[in-house]
Amino acid sequence: MIEGLLNRIRGRKPLVHHITNIVTVNDCANITLAIGGLPVMAHAIEEVEEMVAASQALVLNIGTLTREQVDAMIMAGRTANSLGIPVILDPVGAGATAMRTESAKRIMRELRLSVIKGNIAEIGILAGAGGKIRGVEAEGGHGDVGSYKRLAMDNGCIIAASGVTDIITDGKRVAYVDNGHPMMGTITGTGCMLTSVVGCFCGAESDYFDATVAAFASFGLAGELAAAHQEVNGPGSFRAAFFDEIYNLTEEKLKAGKKVKIE
Amino acid sequence: MIEGLLNRIRGRKPLVHHITNIVTVNDCANITLAIGGLPVMAHAIEEVEEMVAASQALVLNIGTLTREQVDAMIMAGRTANSLGIPVILDPVGAGATAMRTESAKRIMRELRLSVIKGNIAEIGILAGAGGKIRGVEAEGGHGDVGSYKRLAMDNGCIIAASGVTDIITDGKRVAYVDNGHPMMGTITGTGCMLTSVVGCFCGAESDYFDATVAAFASFGLAGELAAAHQEVNGPGSFRAAFFDEIYNLTEEKLKAGKKVKIE
Amino acid sequence: MIEGLLNRIRGRKPLVHHITNIVTVNDCANITLAIGGLPVMAHAIEEVEEMVAASQALVLNIGTLTREQVDAMIMAGRTANSLGIPVILDPVGAGATAMRTESAKRIMRELRLSVIKGNIAEIGILAGAGGKIRGVEAEGGHGDVGSYKRLAMDNGCIIAASGVTDIITDGKRVAYVDNGHPMMGTITGTGCMLTSVVGCFCGAESDYFDATVAAFASFGLAGELAAAHQEVNGPGSFRAAFFDEIYNLTEEKLKAGKKVKIE
């Protein structure tokens with residue numbers, strides 16, 4: 001049941017604490033505002049525990065990780081775990097370097113995660129199903145539902161892999177989301193922004209499977225709507241239209257436009 | 001007298017050295033250019049003193065502070081103080097964590113500031129009047145002019161609190177600025193950008209009260225003008241229009257559109 | 001011969017590893033995508049060697065350098081050198097502080113660079129011809145071809161200085177590029193973005209002189225085309241149009257619009 005969750009975000013304005021990368025941090029803050037949440041970015045060891053304690057969700061994104069930053073993620077994550085605040089991991093570039101793969105696995109080992117959300121290569125690598133990654137971008141391949149389900153069961157969390165068809169599973173249920181548009185790949189940060197949106201939905205709904213499915217459908221649908229704008233003629237104009245569509249998304253549009261199949 | 005200050009920025013192109021956060025640093029650089037200044041961002045301990053010595057203003061923003069970064073702020077600020085270069089502090093998130101509150105207070109104690117500019121919660125907390133903050137955003141409340149005046153007198157600096165009505169005081173004079181538009185709250189970084197614009201005005205005018213009032217009126221008016229654009233339909237399109245309006249602002253528009261009351 | 005290089009980028013999608021500044025890192029990632037490359041940003045000592053080994057070009061930009069970051073640049077650069085991967089240096093702010101000048105010289109000494117690309121002041125300072133810089137922006141002056149040629153010969157690399165007329169030399173050949181538009185100076189990061197585009201071309205063409213000339217002509221032409229858009233009315237709208245034009249650039253447009261003179 002993803003109905004009503006978007007309105008709940010707008011009503012509650014969940015504060016989403018991000019420990020994230022320097023490339024897309026501004027986009028993540030802006031998308032959080034646009035969907036109806038409240039972003040805060042803080043990574044200093046001295047303050048992450050206090051900041052996350054005031055938040056409704058914690059987003060951990062290793063896009064430009066350092067050893068010190070991963071330490072801060074663990075500290076913030078432990079506080080979140082002890083308070084029942086959902087923790088969402090985006091293992092950006094897992095598989096591209098040993099540091100990224102190992103940091104993602106360390107976070108998975110030391111924290112109780114609510115959602116792990118990556119592209120098909122990142123999730124495939126963490127699931128032991130393999131995957132090809134160039135930098136931080138997946139190269140082809142298709143999702144392996146069986147291994148995702150096992151990863152979800154082993155970690156007691158939602159696994160969400162973005163791709164042409166997005167796949168989301170809690171180990172039993174599997175959702176396939178077909179929203180989205182190729183223009184979304186022409187700008188950097190759509191992956192990171194989607195993770196922030198997952199954070200917003202998880203900050204407003206405790207069934208993290210439903211929350212994640214709603215986030216993926218909302219995000220992809222906004223991309224479709226933006227790409228259809230008459231003035232969109234490339235990544236610069238698409239980007240502006242995309243933020244507008246996230247901001248203007250409604251329950252009605254989502255009901256009419258979502259392409260979700262749950263098995 | 002805020003007339004003529006905007007033209008003076010365009011004529012002098014003040015170099016504004018920022019030590020700032022990773023979320024909105026790009027926006028701060030772009031707004032500095034758009035209003036007519038020249039931005040430079042540098043935070044390495046080894047170079048901040050040399051960089052600020054070539055600048056006309058120093059902006060310190062603790063939005064994603066670290067201990068090391070605050071040390072760099074103190075070093076740069078001391079050089080600025082010794083050279084008579086204005087120092088503007090944006091205590092982002094003061095009140096949200098002890099580290100932020102204490103860092104703001106340390107900067108206030110160790111440096112002679114020209115302007116402290118924050119939202120109503122941040123300024124209220126530093127002024128001892130209290131305030132509610134979620135992450136880095138003020139939650140309701142209204143300004144407390146008496147405590148702002150005392151804070152201004154105690155620190156020998158301008159206190160500027162942004163809100164529905166902005167309040168700016170040097171401890172004696174009080175300016176109320178009613179420019180602005182709700183759309184400005186739909187994008188991240190408007191607070192940080194306004195602080196950069198204050199830096200530009202202070203880099204061109206040594207009466208920092210006038211400079212700060214001019215900055216607030218200019219910034220808010222550009223927001224109003226941008227929100228009125230026909231093509232604006234959300235935060236993405238608003239953002240582009242807002243930068244255009246800052247860039248195209250003139251003394252004439254400001255004279256006609258400013259909503260400033262000084263007591 | 002710059003013909004065909006743009007298409008080659010789109011065909012090969014070179015992965016361009018950036019170690020760059022926090023101000024324009026998002027713009028650099030987006031421009032890399034828009035021209036047809038694939039960006040990756042990584043600066044942790046523990047992973048830069050592995051990341052660059054998977055890349056087709058390495059871009060080093062000292063816009064917000066720290067000592068630790070320069071160490072990471074040297075490590076990544078050595079791996080790139082040993083594997084024959086082109087290394088492009090943007091010595092942002094060389095001349096503005098001793099740390100920047102010395103870091104640029106250290107990188108030039110310890111690495112075999114393919115291209116050094118800066119503005120007229122930065123290149124003039126590294127070439128020993130002098131130059132005036134305010135923050136990270138060149139102040140007037142004109143290129144000194146003789147000193148650029150010597151710098152190119154001494155370092156066995158391409159020297160590229162952006163200005164009203166861009167000058168590119170390998171020590172023998174000299175290219176003058178007259179593409180570009182004043183609106184490009186109204187947004188921050190055009191210098192950094194151009195360096196990323198040079199990285200994309202060098203990742204697709206081993207004659208780095210041709211690659212650099214093609215990058216400058218393409219970038220400047222996109223700026224001209226964007227500035228001519230009817231909806232462009234300032235830096236906000238220009239920025240969107242510029243990304244669109246980079247994305248929509250074709251061999252045909254480049255052939256018709258390039259203003260390149262080679263001596």
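A residue counts as buried when its relative accessible area is under 20%. A:Thr195 has a relative accessible area of 0%, so A:Thr195 is buried. This comes from a predicted model.

Start with that residue. A:Thr195 sits in helix α8 of chain A, which covers residues 190–202. Leaving aside residues up to four places away in sequence, A:Thr195 touches A:Val59, A:Ile88, A:Asp90 and A:Lys117. With A:Lys117 there is also a polar contact. Side chain meets side chain there, at 3.3 Å.

Now step back to the whole of chain A. Its secondary structure comprises 11 helices and 11 strands. The radius of gyration of chain A is 17 Å. The globule rule gives 18 Å for 263 residues, and the two values are close, so chain A is as compact as a globular protein of that length. The C-alpha trace spans about 45 × 40 × 35 Å along its principal axes. Of the 263 residues in chain A, 67% are buried. A:Thr195 is one of the buried residues. Contacts across the sequence tell more about the chain. Take the contacts in chain A with a separation of 6 or more: 69% of them join residues 24 or more positions apart.

Turn next to chains B and C. Here 29 residues of chain C are in contact with 28 residues of chain B. The size of an interface is often given as the accessible area lost when the parts come together. Between chain C and chain B, about 2,300 Å² is buried, with 56% of it on carbon and sulfur atoms. On the chain C side, C:Ile22, C:Val23 and C:Arg134 lose the most area to chain B. Together they account for 24% of what that side buries.

Three salt bridges link chain C and chain B. One of them pairs B:Glu46 with C:Arg67. Their closest N and O atoms are 3.1 Å apart.

Which helices of chain C each supply at least two residues of the side that touches chain B? They are α5 (98–110) and α10 (235–248). Helix α10 of chain C gives the most to that side, with four residues. By residue class, the side of chain C that touches chain B holds 10 nonpolar, 13 polar and six charged residues.

Note on methods:
Residues are numbered from 1 along each chain as its sequence is written. Chains are lettered from A and ligands numbered from 1 in the order in which they are written. This is a predicted model: local features need pLDDT of at least 70, side-chain atom pairs count only at pLDDT 80 or more; totals for chains, interfaces and linings use all residues. Side-chain values use heavy atoms; hydrogens and water are left out. Contact means heavy atoms within 4.5 Å. Buried area is the accessible area (1.4 Å probe) that two parts lose on being put together, summed over both. A salt bridge is a side-chain nitrogen of Lys or Arg within 4 Å of a carboxyl oxygen of Asp or Glu. Ala, Val, Leu, Ile, Met, Phe, Trp, Tyr, Cys and Pro count as nonpolar, Asp, Glu, Lys and Arg as charged, and the others, Gly among them, as polar. The radius of gyration is taken over C-alpha atoms; the globule rule is 2.2 Å times the number of residues to the power 0.38. Buried means under 20% relative accessible area, exposed over 50%, partly exposed in between (1.4 Å probe, protein chains only). A polar contact is a pair of N or O atoms within 3.5 Å; within protein, one must be able to donate a hydrogen and the other to accept it, and residues adjacent in sequence count only if both atoms are side-chain atoms.
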